[in-house]
Structure formats: structure tokens, C-alpha cells
Amino acid sequence: MCGVVGIAGFMPVNQSIYDALTMLQHRGQDAAGIVTIDEMNYFHMRKGNGLVSDVFQITHMNRMSGNMGIGHVRYPTAGKCSASEAQPFYVNSPYGITLAHNGNITNAIALRTVLFQSGHRHINTTSDSEILLNIFAQELDSFQCYPLQEENIFSAVSKLHKKVQGAYACVAMIIGHGLVAFRDPYGIRLLVIGQRTIDDGRVEYMVASESVALDALGFKLLRDIEPGEAVYITTSGELFSHQCSDNPQCTPCLFEYVYFARPDSCLDKISVYSARVRMGTKLGMKIANEWRHLHIDVVIPIPETSCDIALEIARILDKPYRQGFVKNRYVGRTFIMPGQNLRRTAVRRKLNTNRAEFYGKNVLLVDDSIVRGTTSEQIIEMAREAGAHQVYLASAAPEIRFPNVYGIDVPSVTELIAHGRDADEICYLIGADGLIFQDLTDLINAVREDNLDITTFECSVFNGIYITKDVDQKYLSYLEESRTDYSRDLKNISEVENLEIYNEL
């Protein structure tokens with residue numbers, strides 16, 4: 001999962017893009033990048049490994065002049081971890097184009113071959129984002145005119161949709177033209193657009209992965225960019241939009257609402273916070289109806305995503321809600337950390353127990369999801385060490401049994417604790433006295449209540465159904481190998497560098 005942002009304005013955007021990326025830092029902690037265009041039509045780029053605050057210093061910010069720019073925070077699902085893989089990417093032909101991307105292209109191997117054979121375009125990294133950029137550039141190059149008209153740009157996106165399979169939300173800039181943003185025809189990855197009016201009455205536009213980035217900069221959310229749609233904002237501030245897919249379908253990623261997105265975001269007309277509260281309502285009712293035999297003394301969230309869910313469960317069950325864990329905010333999210341060893345060591349550094357809330361009690365722990373089970377096992381062990389009598393665990397998401405291919409680093413099936421196991425087996429492995437999972441139907445209903453027009457979500461991690469219909473075992477094996485290669489790359493990074501990247505969170 002990654003975060004993207006683009007701003008087309010009339011004032012310097014370097015600081016605004018930096019601030020927006022910090023609001024999206026939860027979406028990627030591996031690398032960050034910003035590109036701006038100045039008044040002389042030159043790109044200014046800075047990108048590298050680490051957090052936003054690590055990559056950009058005052059000297060870098062001063063060099064990134066211009067009133068239009070895009071930014072990216074990277075959380076890799078495949079490929080290498082070198083700084084060369086950081087986004088945005090750039091090509092000089094035609095015109096000069098730069099692009100940043102959130103998602104994952106499922107036919108990247110075939111596209112790489114076609115690009116070289118038919119377009120003589122060399123892809124210099126393992127990133128599928130560079131492939132996307134070159135396809136977009138190749139389609140724009142087919143128009144022998146300057147400047148391009150908006151219909152040319154929309155035509156290029158339409159042709160890209162026909163070639164590219166998978167999930168993608170993109171922001172791009174074309175020298176001498178402006179900013180382009182587009183979303184895959186299934187709408188798997190999220191993208192919103194907003195505007196603000198400056199003192200002289202002119203309107204500036206911003207696109208981002210989440211609405212929270214707009215809020216922080218004073219942009220008013222206009223709407224979600226529709227699945228398959230492209231928007232084009234010229235250097236003079238004109239906004240054009242067009243549906244570029246023949247058969248768009250709104251099937252956003254369900255896991256965004258469970259885990260990744262910030263609670264203060266609104267995505268596809270759905271409040272993430274409200275969706276999580278409703279998850280708690282559904283799960284609380286299930287526990288009250290099907291697990292009434294449990295003697296629960298207190299409900300305790302595993303911070304932070306599950307806090308709103310746990311509070312609602314406590315209300316439904318009429319039990320005390322307590323903050324039993326204290327979080328060290330300078331350790332990153334263990335799910336998003338690459339490498340199992342980093343995740344294991346981070347849990348104890350990340351959480352500590354309030355012993356008084358556990359000692360002698362039957363506790364119901366609430367988490368947003370269970371992926372590998374490593375974190376759950378350690379947290380249950382911590383609860384017992386703090387004196388808990390019985391430890392039950394409720395998951396706001398169903399069992400995660402299948403890998404994700406659309407931009408979330410849900411691992412291979414061999415690492416998923418729920419794959420091939422029922423709830424009782426999982427409960428035994430993590431050491432809980434009881435384990436309750438949310439039903440998938442309840443989860444979907446909880447999320448879509450704000451927007452009943454959405455009838456289907458991308459929820460392959462739960463049901464193994466890949467909506468792009470192009471995923472087979474051969475591709476899953478390739479993806480697993482790519483993730484293994486990435487883990488090997490991490491081992492080549494010194495321990496000191498790892499600490500520099502992750503301990504500053």
C-alpha cells in the first residue's frame with residue numbers, strides 16, 4: 001500500500017506536498033518522493049528511502065520550486081528496497097512525464113516485454129510503477145501534436161486501461177501541460193479530489209489517496225475520482241474530467257476500511273470512522289448472541305485501529321472499556337514493517353501493558369484483523385504475564401486466508417495463520433481462550449451502509465475471489481517469489497540503517 005498526492009496551484013507547492021505526505025505516512029514508511037515543475041518547465045525531484053522527515057531536508061525543499069507537484073510514500077509489495085525504486089518515476093519522452101502510483105499491476109511481466117519489443121522502452125527497475133509510466137508515455141507519444149488537447153490525454157488513459165490489469169491510482173505531470181490523475185476501472189485503489197480558493201479568487205486543485213490529506217491543507221473534498229475516470233488540470237488551472245473505461249465497476253478494497261485508511265478519512269462516500277463503529281456493532285451483537293457463555297470483565301483494544309471498534313463492542317456488551325495497552329508512538333505499524341524479524345521485535349517495543357487492567361480479570365481483546373498471528377500470539381502472552389485470568393480475542397475482520405495481489409503485502413498462504421485452519425485451530429496456535437471472527441457479510445454491510453450504491457468490494461484476502469479475473473497459481477507463485485526477494489534485500493541493509501528508517505516513527 002502506498003500514498004499519492006498531487007497539487008495544481010498558483011503558489012509554491014513544495015511545503016504543501018510535504019505536509020500532505022506526512023498525513024499519508026501511515027500508508028508507506030519505506031520511501032518517499034516529491035517532484036515539482038517550476039516556471040521554466042523544469043522538473044525538480046527528491047526521493048529516497050525512509051520517512052518523509054528523513055528524506056526531505058531544508059536544502060532539498062528550497063530546490064523544489066514550482067506551483068505544481070506530486071508526491072509519494074512507498075510501502076513495497078514486490079520488487080527491491082533500493083532508493084532507485086522510490087517514486088515518482090520520470091521519463092523524458094514525450095515532453096517529460098513523471099508519475100506516482102498506488103496499487104499493483106498483475107500483468108507487469110508481459111507489459112515489460114511488450115514495452116521493449118514494440119516501443120523500445122527499457123524499464124530500469126523492478127517497479128510496476130515504472131511500467132505504468134512508460135505505457136502512459138507511449139500512448140501520449142502516438143499523438144503527433146503539441147500541445148496535447150484534453151481528449152488526447154483521456155484517449156491515452158483509455159488505451160492504458162485496455163492494456164493494464166490490476167489495481168492502480170495514479171498521479172502524473174506532463175511538462176507544458178499539467179497534472180493528470182486516474183483510477184483503475186474497478187476502483188480498487190482509492191483517489192479523491194478537492195479544491196481551495198486562494199485570496200485572489202483563483203482555484204487550486206489537489207488529488208490524494210485519502211481525504212485526510214485534503215483536510216490538513218484546507219482543501220474542500222469535491223468527490224472521489226470514479227473508477228476508470230481521469231482528471232486533467234492544466235497549468236492555467238482548468239479542470240477537465242472524463243470516464244475512460246468502457247465498463248467501470250466500483251469495487252473498492254475492503255481492507256482499506258478495516259485497517260489501512262485513517263479514521264478521519266472519507267473514501268467512496270464512506271466515513272472510515274463510522275464504518276469501524278458499525279464493525280463494532282456487528283461484532284458486538286455476534287458476541288452477545290453466540291458467545292454469551294463467556295464471562296467477560298473488560299473490553300480492551302489492541303491500539304490503535306481497533307479502538308473505535310472495541311468501544312462499540314463494550315457498549316453492546318455493557319462491559320467496561322479500558323486502555324490496557326500503552327503504545328510507543330515511535331515504533332511503526334508492525335503489519336506494514338517489511339521482514340518478519342522486524343515485526344517480531346517491534347511488538348514488545350511498541351506495546352506495554354497496564355497491569356491493573358489485566359490482573360485477575362477475564363479480558364476480551366479486540367483487534368482489527370489477524371494476518372500471520374505472530375502479533376496476536378505475543379499480545380495474548382503479554383496479557384497473561386500481566387495477570388489476566390482468561391484471554392479472549394475478537395477480530396473485526398474475518399479470517400484472512402488468501403494473499404492479496406492488488407497492493408497490500410498480505411503474504412503467501414504459508415505465512416497466513418488462517419489458511420487451511422478453522423477458528424479453533426487458530427485459537428490454539430495463538431494461545432487464546434476464545435477466538436471470535438467477524439462474518440464477511442456483516443463486515444461488508446457495516447462498510448457499505450454509508451454508500452449503498454456499492455454492491456461489491458474487493459475482498460480477496462477473505463474469500464479468494466480476485467475480481468480482475470486474471471490471477472492464477474502461476475502469478476501467485478511469482479508474487480510470493482518477489483516478496484521473498486524483497487526480504488532478502490532487507491537482510492543486506494545494515495542493522496543501523498534499519499534503525500534509522502524505523503525507530504524514528
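Start by selecting helix H13 (residues 423-430), which lies across E20 and E21 and runs at about 130° to E21. Before you go further, note that this is a predicted model, in which local features need pLDDT of at least 70, side-chain atom pairs count only at pLDDT 80 or more, and totals for chains, interfaces and linings use all residues. Residues are numbered from 1 along each chain as its sequence is written, and side-chain values use heavy atoms, with hydrogens and water left out.

Helices (H or I, at least four residues) and strands (E, at least two) are DSSP runs numbered from the N terminus. Angles run from 0 to 180 degrees between N-to-C directions, and axes are lines fitted to C-alpha atoms, for helices over the stretch in contact.

**Stop 1**

Now colour the strands E16, E19, E20 and E21. These four strands form an open sheet in the order E16-E19-E20-E21, with parallel pairing; two strands pair if DSSP finds at least two bridges between them. Which strands stand at the edges? They are E16 (298-301) and E21 (434-437), and each has a single partner strand, so one side of each is left without a neighbour in the sheet. From one strand to the next, the twist averages 20°.

Zoom in on E16 and E19, where four bridges hold the parallel pairing.

Contact here means heavy atoms within 4.5 Å.

**Stop 2: from H9 to H14**

Keep H9 on screen and show helix H14 (residues 440-448). Two packed helices are described by the angle between their axes and the distance between the axes. For H9 and H14, the axes come within 8 Å and cross at roughly 145°. To see where they touch, show the side chains of Ala275, Arg278, Met279 and Lys282 in H9, which meet Asp442, Leu443, Asn445, Ala446 and Val447 in H14.

**Stop 3: the annotated binding site**

Select Thr305, Asp367 and Asp368, where UniProt places the feature "binding site" in an unreviewed entry. These residues are spread over 64 residues of sequence, yet they cluster in space, with a largest C-alpha distance of 7.6 Å. UniProt positions are given in the numbering used here, feature names are shortened, and annotations may be inferred rather than shown by experiment.

Is aspartate 367 buried or exposed? Aspartate 367 is buried, with a relative accessible area of 8%; buried means under 20% relative accessible area, exposed over 50%, and partly exposed in between (1.4 Å probe, protein chains only). You will find aspartate 367 in strand E19 (residues 362-367). Beyond its neighbours within four places in sequence, aspartate 367 is in contact with Ile302, Ser306, Leu393, Ala394, Ser395 and Ala396.

Step along to aspartate 368, in the loop between E19 and helix H12 (374-385). Aspartate 368 is buried too, at a relative accessible area of 6%. Not counting residues up to four places away in sequence, aspartate 368 touches residues including Val258, Tyr259 and Thr305. Its side chain also makes a polar contact of 2.7 Å with the side chain of serine 369. A polar contact is a pair of N or O atoms within 3.5 Å; within protein, one must be able to donate a hydrogen and the other to accept it, and residues adjacent in sequence count only if both atoms are side-chain atoms.

**Stop 4: serine 245**

Move to serine 245, in the loop between strand E13 (239-243) and helix H8 (254-260). Serine 245 counts as buried, at 13% relative accessibility. Look for the backbone nitrogen of asparagine 247, which lies 3.3 Å from a polar atom of the serine 245 side chain. Leaving out residues up to four places away in sequence, serine 245 touches His161, Pro185 and Gly228.

**Stop 5**

Most residues other than glycine have a negative phi, and most peptide bonds are trans. With that in mind, visit these places:

- Glutamine 87 and proline 88 are joined by a cis peptide bond, with omega about 5°; proline 88 is in the loop between strand E4 (68-74) and strand E5 (89-91).
- The bond from tyrosine 146 to proline 147 is cis, with omega near 0°.
- Asparagine 41 has a positive phi near 65° and is partly exposed, with a relative accessible area of 37%.
- Tyrosine 95 has a positive phi of about 70° and is found in the loop between E5 and strand E6 (97-105).
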